[in-house]
Structure formats: C-alpha cells, structure tokens
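Take a look at the protein model below.

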Amino acid sequence: MTAPVHFDKVTLIGIGLIGSSIARALGVLGLAGTVVAADRSEAVVARVQELGLADEATTDLAAAVKDADLVVLCVPVGACGAVAEIIAPHLKTGAIVSDVGSVKGSVVAQMAPFMPTDVHFIPAHPVAGTEHSGPDSGFAELFHERWCIVTPPAGTDPEAVERLTAFWQALGSRTEVMAPDHHDLVLAITSHVPHLIAYNIVGTASDLEQVTESEVIKFSAGGFRDFTRIAASDPTMWRDVFLHNKEAVLEVLGRFTEDLIALQRNIRWAQGDQLFDLFTRTRAIRRSIIDQHQDTADPDFGRARK
Ligand SMILES: NC(=O)C1=CN([C@@H]2O[C@H](COP(=O)(O)OP(=O)(O)OC[C@H]3O[C@@H](n4cnc5c(N)ncnc54)[C@H](O)[C@@H]3O)[C@@H](O)[C@H]2O)C=CC1
Ligand SMILES: O=C(O)C(=O)Cc1ccc(O)cc1
C-alpha cells in the first residue's frame, strides 16, 4: 500500500530558498490542509505574508508547531538544535519532525536529545538548490528530478519513513535512504568540498596583486564564471556546513590536496601522459553522469552535450 501524501497541517520553520520552495510546492500541489510558516526574522515573516506563501506566518516557533502533523526545519544547520529545543514541548503526538539540512550527522546529534519519544524524528536532505537565498528566491519546481536523501535513526517507524518519502516524491524528488555519516561523506565530495574550492579560487583571484579585479571580471572564462556562481552562495549556510561536517570535509580535503600536489609535480616535470590519463578518466565520468541524467530528464542536463 502506498503511504498518504496529504497532511492536515504542515509547519515550515525557516522560510528562505528551501522553506519557500516547499511552501510554493505545497500550494501548487494541494498537499496540506493548512501551511504554517515560521521564521525568527520579522522581515521574512512580513515578506511571506506579502507573497501569500502560507495560510499563517509567525515569528512564534512554539505556537507554529501546535497541532502540526509534519514539521520541517529549513534553517541553517547550526540553528537546528536551538529550534528543536524551542519546539519540542509543543509537538503533537505522532507528528513527523524533519529537516532539510545539507549535513545530517550533526543535525541528528543536535536535535535527537530534544525529541519527545512520541514523535517520529526523520532527518532528510533534498539535494537541490541554487546560490540564492531568502523567501523570494524559491520556486515550486526546485525539487523536480532531484534526489532527497532520507536518514532515519535506527528503530524509526517504517510507516512514518514511508510517509515522509512519499511526501518528497510528491514534490517531484527521487528518494534514497542512507545512514547520516555516509550521507556526510558522500556530500563532502559531491557538494561541500566543491563549494570550498569555488570559495577559495574566487578569493585567490581577488587577492592577486598582478591581476586587477576588473580584469578578473572582464576576462572571466566559463569555468571561472561557474565558480563565481557557487561562491555567491549564502555565507551563513555554508559557514555552518563546514563547521558541522568538519571530519568528512577534512578527510576529503586531505585526499584532494595530495592529488593536487601530484598534478603540480606532473606540470613541473612535464609528465604529459599523467595529465592526459587523468583528463581522459574525468571526461568519462562527465559522460556517464550525462547518460544517467538524460534517462531521468534532469533539467540541468537537458541541453548537455557529451
Ligand atoms: N540553499 C541551498 O541550495 C540548499 C540548502 N539546503 C539546506 O537548507 C537549509 C536552509 O537553506 P536556505 O533555504 O538556502 O537558507 P536561507 O538563508 O534562504 O533561509 C534560511 C531561513 O532560516 C531563518 N532562520 C535562521 N535561523 C533561524 C532560527 N534560529 N529560527 C528560525 N528561523 C531561522 C532565516 O531567517 C532565513 O529566513 C540549510 O540547512 C541548508 O543547508 C539544502 C539543500 C539546498
Ligand atoms: O547551486 C548549486 O550548484 C548547489 O550545489 C545547490 C545545493 C547546495 C547545497 C545543498 O545541500 C544541495 C544543493
């Protein structure tokens, strides 16, 4: 039997890119009887009301979760513990409490101690986003054809996991269940370290004395432009990602640094075969990613050429 995807009352906490995208999708799809939007920022709450993103909008997080069947935290990962502490005493028995944080081990560690035993705590991560933030930047289709990784703690009620999974599938996502630590290692290599590299190279370019900032802007080629898009991502969100996925990021960064030094040697000693072999291997990886995404009509790869 497939799990029901409709919830009588959904409360979203943190109405930025992700929270407002979920709110918009709920509105379009009619998946909730009532949508409550909560944020600590009065300016955000006022904007949510102007945009008509929810049935109710408030800065009172405790009141917002009252009677909610599904509560989703969409705040920076460093804020999850504090929010959990505020809402915990007000959660409805049987509610599903989830989040969308880009790191999972730390979110579990921060939130689990506050979760009452009569709610279903199921962290998740929609691997879908942009470099933009705030309630104006969201859109209902953000999650289409994207993965949502669900990381239920051991012993979680399978029916609740199925309900949350069905919810994300209704939003357009493909879902996969994973252990939090494994999630954090996978995302360290596929998302977190790439963001760090982008922040670093754009920082290096802006610090170069011999090349002016206006030359960097004027002559930026495609690859560098892509880095500047990523490096425009929200500073609070990404500070928290690195502070809360420290171990996995440092592990991947150690490997990355060794490989970069090997490349440095290849260039210094004119070892063209080594460079050619690596670039051939990496080109094959790009081709297999495109092949896989063409099967699933991923919008990012719609115009991609091998
Ligand atoms: N931006 C992206 O591309 C993606 C982000 N995520 C995750 O989603 C979460 C939210 O990210 P965005 O929507 O991009 O952020 P955002 O910056 O657009 O929105 C975050 C909102 O949370 C509110 N907030 C912060 N601390 C709060 C607190 N203590 N109590 C109540 N509200 C609080 C802020 O006022 C803001 O409105 C993060 O954990 C991030 O790791 C996941 C996938 C993609
Ligand atoms: O904008 C991009 O390229 C992203 O990579 C978006 C993104 C950022 C953080 C996530 O946890 C998931 C997706």
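An open sheet of 6 strands runs in the order β3-β2-β1-β4-β5-β6, with parallel pairing. Two strands pair if DSSP finds at least two bridges between them. Helices (H or I, at least four residues) and strands (E, at least two) are DSSP runs, numbered from the N terminus. This is a predicted model: local features need pLDDT of at least 70, side-chain atom pairs count only at pLDDT 80 or more, and totals for chains, interfaces and linings use all residues. Residues are numbered from 1 along each chain as its sequence is written, while chains are lettered from A and ligands numbered from 1 in the order in which they are written.

- Strand β1 (residues 7-13) pairs with strand β2 (residues 32-38) in the parallel sense, over 6 bridges.
- The bridge partner of F7 in β2 is A32, and that of T11 is V36.
- β2 is mostly covered, with 5 of its 7 residues buried. A residue is buried if 20 or more other C-beta atoms lie within 10 Å of its own, exposed if 12 or fewer, and partly exposed in between; C-beta atoms are placed from the backbone.

**The two domains**

- The chain is divided into domain 1 (7-178) and domain 2 (182-295). These bounds come from an automatic or database domain assignment.
- The C-alpha centres of domain 1 and domain 2 lie 30 Å apart.
- The contact takes 14 residues from domain 1 and 17 residues from domain 2. Two residues are in contact if their C-beta atoms, placed from the backbone, lie within 7 Å.
- The side of domain 1 that touches domain 2 has 5 nonpolar, 7 polar and 2 charged residues. Ala, Val, Leu, Ile, Met, Phe, Trp, Tyr, Cys and Pro count as nonpolar, Asp, Glu, Lys and Arg as charged, and the others, Gly among them, as polar.

**The ligands**

- Where does ligand 1 lie? Domain 1 and domain 2 both give residues to its shell, so ligand 1 lies between them.
- Of the 30 residues around ligand 1, G14, G16, S102, G129 and S133 come nearest. A residue is near a molecule if its C-beta atom, placed from the backbone, lies within 6 Å of it.
- α1 (17-29), α4 (80-87) and α10 are the elements that give two or more residues to this shell. The largest share, 3 residues, comes from α1.
- By class, the shell around ligand 1 has 17 nonpolar, 10 polar and 3 charged residues.
- Around ligand 2 are S102, V127, A128, G129, T130, E131, S191 and I230. By class, that shell has 3 nonpolar, 4 polar and 1 charged residues.

**Helix α7**

- Helix α7 (residues 180-207) bends by about 60° at A188. The bend at a residue is the angle between axes fitted to the seven residues ending there and the seven starting there.
- The buried residues of α7 include H183, L187, A188 and H192.
- Among the elements covering the buried residues of α7 are α5 (105-111), β8 (147-150) and α11 (246-268).
- D184 lies in helix α7. D184 has 27 C-beta neighbours inside 10 Å, so D184 counts as buried.
- D184 touches V103, K104, G105, N245 and A248, not counting residues up to four places away in sequence.
- D184 and V249 are 65 residues apart along the chain, with their C-alpha atoms separated by 8.5 Å.
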